[in-house]
Each structure stands twice: as structure tokens, then as C-alpha cells.
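Hi,

Here is the structure I promised to pass on. Have a look at it first, and then read on for what turned up.

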Amino acid sequence: MDYTPHTPDDIAAMLKAIGVSRLDDLFQDIPETYRLSGLPDLPPVLSEQEAWRHVLDLSAQNTFPAMTLMGAGAYHHYIPAVVGHMIGRSEFYTAYTPYQAEISQGILQAIYEYQTMIARLTGLPVANASMYDGASAMAEGAVLAGKTTNRDRILISRTVHPEYRRVVATYCAANSYTLTEIPYDAAGRVDTEELMTAVDDRTAAVCVQSPNFFGIIEDFRAIEPVAHSTGALLIAGFTDATSLGLLKPAGAWGADIVCGEGQSFGNPMNYGGPYLGIFAATDKFLRKIPGRLSGMTVDLDGNRGFVLTLQAREQHIRREKATSNICTNEALCALAASVYLVSLGKNLRNLAELNVYKALYLKEKLAALPGWEAPFTSPGYNEFVLTCPDPGRVNAAWQDAGIVGGYVLSKDYPELPKGLLLCGTEMLSKNDIDRAAAIAAAVR
Amino acid sequence: MDLIFEKSRPGRRASEIPAGDVSPVALSEVIGEAFLREDIDLPEVSELDLVRHYTALSRRNFGVDLGFYPLGSCTMKYNPKITEESAKLPGFTGLHPYAPEAFSQGNLALMDELRRMLCELFGMADFTLQPSAGAQGELTGIMICRKYFETKGEKRSRILIPDAAHGTNPASGALCGFETVTIPSSTEGGVDLTALESAMTEEVAGLMLTNPNTLGLFEKNIADVARIVHERGGLLYCDGANANAFLGHTRPGDIGFDLIQLNLHKTFSTPHGGGGPGSGPVGVGAKLVPFLPVPRIVKIENRYTLAENFPDTIGRVKAFYGNFNVMVKAYTYLRLLGAAGLKRTSDMAVLNANYIKARLAPYFDLPYDRTCMHECVFSGNRQVKSHGVHTLDIAKRLVDYGFHPPTIYFPLIVPEAIMIEPTETESKETLDAFCDVMIAIANEVEENPERVKGAPYTTPVRRLDDVLAARKPNVCWTGK
């Protein structure tokens, strides 16, 4: 089924109006040598019913998890039913980027409200309409820092998500920036002594994450003065946005750019995407921030309205001088985040508290098992590190029970060969946790 | 319309958090008072307030389901509903990206099959599905070019981009540290071969060519273009944003393109969501495969696995594996259409564009009067000269008749450009209705130009003040 409405009569009439006799005449600019003689070799066409059955079968080849103990950048949170219903309105999801403001007031106002909520949550005055994901948001933050400070060195804490560090590395390599990793201390936080030694007058930015990859809350009181001591920018990331409901945001601690992953706000885990990159900054970046911005203005009659604004930053106007090449962002995911935040409202705090309680209970149950220990004692949010005799075997036991287990830390942190990163969200019941602990206890 | 913040009333709630079955703890002790935030300044509304708010917003928005959306270069075709349903299957949405591979075999099979289909359709050796959107695909492609020359020990600092290219092309080049050099278009609307010959030195990494280009024209001299670029050791990059024009007719890999980025949200009908999510797979020829981002899907004895160990890779451009949910939609679409359906897609897309071109040619200037591919580009010059009515005015007037305007003022090489891409899913009746309105507006320009200049009249807001928005930016509600 190809969804084209043309009848043979339509085609004949249209060809006649154009003044050609055959459809192939319209493709004459494709050199003869390169025209395909037959059709590409694709799998057989399916009717809608067959296609439905086929994708259903494919999805059933996955294992639907009994529970998820993994965080590490993607989080299992409850999504209120209202979110799907609102973003499922096709006036939103079948629209393009709002280039024609008068017939796009819906998405433009929604983006403006999103920007406002993100600004309030991050503690910074300017937030954009979204980036691709938390990793690329941090990478674009690093590039923005390089370009604004005219410096070519980026420092990044080893407590930043390993994949975020790799994406930042990819973007740095493309810009010939040096990227240096800063170790963590015994508390599992950025080693500020090492940071002090590393930061210099070539340093464009210091990138940290809080709660960090170990789930630990970084102490910005120690980091901020060091980062700013030589004029570098402080870029603070996060991976579970619900933490913003509980913790004092990095913007309030003096970060210049706050960026992170917004998936937790109303977007399913979706095997890694689409998510949304949250990006907020201080006022001085208003005219340099990457991505779309919706701005309030007035119409001819003086009524309030919204437009995409400060487009002189963007690629379609500035081309090679643009601050970023981003065009399509994650508007529908940002809309989901907006609906989620409106739905939760001040309950975001209660949800975040519940996450802490669940994580603490999970940690307590597992840490009580023989041979299990918590290597870091610093306060955290909903994730934590434990060491255990054999992380691989524990995960395998959980896997046998249909459970997505913890993140094995040894591949990114060889110094933590027995480390497992675990996450407790509101989706885990006490019974789930007791069961997971019992399975772990049975591993010999 | 009020902002959601203006509808907020202290104490209202649209949600309830479960009471919890584990003991609460004193957070000031466990976390420390200094680390806790004082207040959350989010709206307080009921669920009905929320639903009415977003429903009202949706009614102030225009999508393909409401009407004709001929936004050039954006391929705003109809999005079959079954693809939405398939992407919502809990078996797809509920999986953590780091779930054990034994749990994600269905996902990996789908991604691998999508990759294979794209290879076959475009004649490339391999594809990565990781980039989040077309522009990130471009960036990935250019990073691959950069790494290719680094590995060969060649220093190439420049990249060539025709003046008809998308703005993302030069921005992607610059973001990757290349100096971008603009290649002018010929009078026929293709690449100026003489200019290409002289610019294509051994310091040039390659040419980023949108094909068909933003004039809607297929590069007729593509064989010469490819020869010139390749003779000097350069790479030929295809911006495949306009791939809807040639599916089943030709394959970029056969033509000599070394890389191509696609936009699944255009060509393969995954809806654009009002500005994303998209998905921008990148296809490469055999010699560039080692540089693709990791992880890559590998099949070992009927089991799919994600492999990281490719020493020449550019690394990662995104956490995890790409916009998986968008891939599910594109995959479903490809299975529904099959090879014959895809070829018919391009046939009808090109037929529709040429039909509009033929019908409107008497009324609007046509700077490049050739058979076009998926889109046609007019100029509003005649209307500017005769009555001072600009393309922007014509676009706004179209809105009053229930149509989304075409892309305007792009490509930059056409003054007062009107870029119309009807796509294949629109019927002759719709095209005729659109053309009738365009002709009526052309007549109105003659008879009552002021009426056109004041449009639109039927929208929730009248024409908006962009200058004010930029001069006194208000991008965050402060309650004033």
C-alpha cells in the first residue's frame, strides 16, 4: 500500500497538463547509465494487517522486563496517561518546525512554557526548545564554551556518564580541542585538588554531572570557585531530570550552562531514543545558545503571540557562522516533558522523594548481603554503587528472572572491578525489591 | 490565550504520587539541607485544566492531518497511522537501552533489517542509524570524512558546498572545523563545473551536494561532478534530505556518492512532531565503513549483538543507539510500501510537483524552467515589482485559505523564493484547489495588493512582530 491517491485518469490528465507523455519523461535528468532497470531487492510488501502482525512478532522477540534496576542515563518512571493523549493530537505531531508563526501558535506557546519551566527547574534564565539528548547537549555546551572563550581545552569529570564523555570527545576532536578527564576522590565526587591542578588559562569549560554517574550529588561549593578561577565556564549535566524536583539546581550554585537528559519527564525508555536534551544558560548566552527559542511578542493588533526568535544564531540564516548546526530538535519529546511537568506540578518534589526512599531501600537490602558493600558514603539521589563478589553472575541471575539488572562498572572504571550501578525509582514496589534481593542472595 | 502559569491556582493538582510502601527518611539528614531546593515553581492545575489547555493549543496549530502542507524540502507527506501504533508497542517502548542483549533481540533485528533495506535502496555498503536528525547525520558524515583523511595522513582543511545547499551543510562543516567554500550554481541550476574544477584542490576534503538540489533539480552532470571530486582524492557527500525524488529510480552509491545522510522523518514518513524527533541515518561506501560510529549491530550465529571494537571509528555522536522509536515507524512504512510502492512514491511526488509547476508557471516567475523533481521553486519577483507585494505576503494570504504556505526565501539564490513540495500523498483535487488559490492571490495582488499585504485575517493572531521579539527577547515567563 503506497498511500498515493492517483487514479489512471488523474495521471493521464496531469501528464497532459505538464506536456509529457510518460512518467519516465519526468526523470530525464537522471543520467541513463545510473537509472535502475529493475526494482531494488527489498522484502515482500505487507498489508497493514500483516505489517501489524509482523511488528508485533518482532516486539515479542524482546523480553518485556519484570522490573528494571538499571538507570545509567535512561530511567523507568511512570508516565501519566494524559501525556500520551496530549502529544497524540495530530495537530502537534504532524506539524513541521513552526516556521509560519500565525498557524503554529500552539506549539510555539507550548515551547515558551517548556522553556519557562526548564529555566525555573535549572535555576537559569534562558532555556532552549531542546537538543537531541543529554549527551549531545553537553557536547554542544563544550563547543559553545570553546567558541565563546576562544580557548581550546575542555576538562570533564570521570564521574560524568561514560557515553556523554565519548560524545563530548567526538565533538572536541572535530574542533581540535583537547579533552582532559578529571579523576574522582574517595567520596566518589570530582577530585577538586586534581581539578585545581588541571584548570588553566586555556581551559574553556569544566564539565561535571550531578547527581553524577555513581548517583552521588556533587558539591558545587567546592567545584564552582575552582572552575571559575581561570575564567573557564562551569557546565553541569544531569541524567535523571526528576532529581531537579528535589535538589538545589546547578544554576543556583553558579553553573554557566546546565544541560542534561530530559527523558524522565514523560518519555518512555524506548530502547534509547528519542529523548530530549535540556539546555539552559545564563543571560549572557541568550544570543549564542544553540537550538530554537520561542519568544513572546505582539501581533499587528497588539495581541500577545509567539515566534521563533533570535534566529540570527541559527544555521538557516548564519550558515557556517551559526552557533550550532542543529535544525530539527526533539519538539514532541519536549511537549511530552511539558505535559508531564504540568501534570506533576509541585508533586515533582514528592515523586523525587519517593525515588530516594526506593533507592535507599534497595541499597539497604542488597548491602546487607554477604560480600556486598557500598564503596562511597556520599549522599545520592536514586542511583548508587555497590560492590559484590560477582556482578556478572548476579546480573545473569536477575536476567534469568526477566529482570534488567545493574550497570557493570568495570568496563568504564577498571578500578571498580566488582562495581554495580543500580537505580531505584517509583516503579519498583517493595515486593519487587525484596524479590530482586532474594535472587541476588541466592547467587553463590 | 492564557499561559498555563496564568491558569495556576495554589493547591490544585493534576496528579497523585503513590503513598509508598517503604519507609520515608529525613532528607535533610540523608542528603543535607544545603543540597535541597526550596520550592518548585511549576503550574498548579487540575487534569481537566491541563487537557483543555493543550487541546486549545493543538487547535492553534496546523498539521498534515488538517490540510495541504507543501513546505519545500521538508517532505510533509501523510503519516500512516499504523506506523504510530507499531511504535507504541510496549515491547518496544518498555526496554532499557542497556537491557541484556537477550532481551532486545527483536529491536536489534528490526534495526539490522532497516539498515539492510537502506543499503539496498541507496546502494551503500553500510548505514549507521545513530544520528538523531538530518543535521546530526551531516555532522557524522563530515566527521567520517575528517577521520578518513586523518587516517590516510592527508591534511585537508576545506569542504565545498554549493550555494543552493541547506544551511545545515555549511554549519555542519564549520562545527567540524572545516573551512567551507561556496560553489556557485550554473545558469541551469546545477553545480558550476568550472568553479568546481578550480576549487577542488588537494586541500579539499570533498563536496557536500544536495541531490536533487534545493531548486528541485537533479544534478544532470553528476558523472562529471563525481569525476572531478574523485580525481583529486576528495569524497562526494550526498545530502539525502530530498531522497523522496528518486526512490527506486537510481541509487546514490551507484552514481559515485561516498556518503549519504537520510532524514527518516521526511522520506520515510515518520512524522516531524512540530520540530522533531527526527532520525538521520548515514550510509557509506565500502572504504568508509571502518569509520562509522559505534556500537554497530553484528549478527553472530543468529544472535544480534552490539559491537564496540572498531579501532578507526569516529566514536559516538549520541548516547545509546539512535532514535529507536522513529526507526520503528520508518521500518513499518518500508514494509508497507515495498520496492514497488517506494518507486510509485517518487513517481507521484515528481508528477505532483511538475503539475503544480505547469499550472502556476503563467502567474509566477520561474527562474529555472526545467522539468523538476519532487519540488518546484518560483520567485515572487513579478509581484514585488508590480505592486510591492512580497513572497511573505503571499504566504500569509495562503493561510487564510486553509493551506500551509510553501517554504519561502529559500533557496537563497532565488530572490523572493517560493519553494513548493506537494509530496505524493496529495490528490489532484487538492493540488487544483491549491493552484486555484495561488492564482486567485496572484489576481488579488493586481486588484487589491493592500489586502494581501495585511494577511492573514483568519488566524488566532495576526502578523507577529519578529523585530520586537529579537530586540527585546522574552523567552521565559517571569509573571510580568
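This is a predicted model: local features need pLDDT of at least 70, side-chain atom pairs count only at pLDDT 80 or more; totals for chains, interfaces and linings use all residues.

Strand 12 of chain B covers residues 417-420, and it pairs with strand 11 of chain B in the antiparallel sense over two bridges. Both strands are part of an open sheet of three strands in chain B, with the order 10-12-11 and antiparallel pairing. Which strands stand at the edges? They are strand 10 (376-379) and strand 11 (407-408) of chain B; each has a single partner strand, so one side of each has no neighbour in the sheet.

Next, the domains of chain B. The assignment gives domain 1 (1-60), domain 2 (82-336) and domain 3 (341-466). The C-alpha centres of domain 2 of chain B and domain 3 of chain B are 30 Å apart. Where these two meet, 17 residues of domain 2 of chain B are in contact with 18 residues of domain 3 of chain B. On the domain 2 side of that contact in chain B there are eight nonpolar, eight polar and one charged residues.

There is also a helix pair in chain B to look at. Helix 6 (residues 134-152) and helix 7 (residues 168-175) of chain B pack at an angle of about 45 degrees, and their axes are 9 Å apart. That angle is why helix 6 of chain B counts as oblique to helix 7 of chain B. Their crossing is right-handed. From helix 6 of chain B, the contact uses Gly134(B), Ala135(B), Glu138(B), Leu139(B) and Ile142(B), while helix 7 of chain B brings Thr168(B), Asn169(B), Ser172(B), Gly173(B) and Leu175(B). Sorted by class, that contact between helix 6 and helix 7 of chain B has four nonpolar, five polar and one charged residues.

Over to chain A, which is divided into domain 1 (67-77 + 346-441) and domain 2 (81-344). Their C-alpha centres lie 27 Å apart. Here 24 residues of domain 1 of chain A are in contact with 25 residues of domain 2 of chain A. On the domain 1 side of chain A, helix 12 (347-367) and strand 11 (383-387) each supply at least two residues. Helix 12 of chain A gives the most to that side, with seven residues. By class, the domain 1 side in chain A splits into eleven nonpolar, nine polar and four charged residues.

Finally, how do the chains meet? In total, 173 residues of chain B are in contact with 167 residues of chain A. Which element of chain B gives the most to its side? That is helix 12 (residues 324-360) of chain B, with 22 residues. The chain B side as a whole divides into 93 nonpolar, 51 polar and 29 charged residues.

One helix pair runs across the two chains: the axes of helix 2 (residues 48-60) of chain A and helix 5 (residues 105-122) of chain B come within 6 Å and cross at roughly 130 degrees. These two helices are therefore oblique to each other. Leu58(A), Ser59(A) and Ala60(A) from helix 2 of chain A meet Gly106(B), Ala109(B) and Leu110(B) from helix 5 of chain B. That contact between helix 2 of chain A and helix 5 of chain B has four nonpolar and two polar residues, and no charged ones.

Cheers

Notes: Residues are numbered from 1 along each chain as its sequence is written. Chains are lettered from A and ligands numbered from 1 in the order in which they are written. Two residues are in contact if their C-beta atoms, placed from the backbone, lie within 7 Å. Helices (H or I, at least four residues) and strands (E, at least two) are DSSP runs, numbered from the N terminus. Ala, Val, Leu, Ile, Met, Phe, Trp, Tyr, Cys and Pro count as nonpolar, Asp, Glu, Lys and Arg as charged, and the others, Gly among them, as polar. Domain bounds come from an automatic or database domain assignment. Axes are lines fitted to C-alpha atoms, for helices over the stretch in contact, and angles run from 0 to 180 degrees between N-to-C directions. Angles under 35 degrees count as roughly parallel, over 145 as roughly antiparallel, 65 to 115 as roughly perpendicular and the rest as oblique. A crossing is left-handed if the near helix is turned anticlockwise from the far one by less than a right angle, and right-handed if clockwise. Two strands pair if DSSP finds at least two bridges between them.
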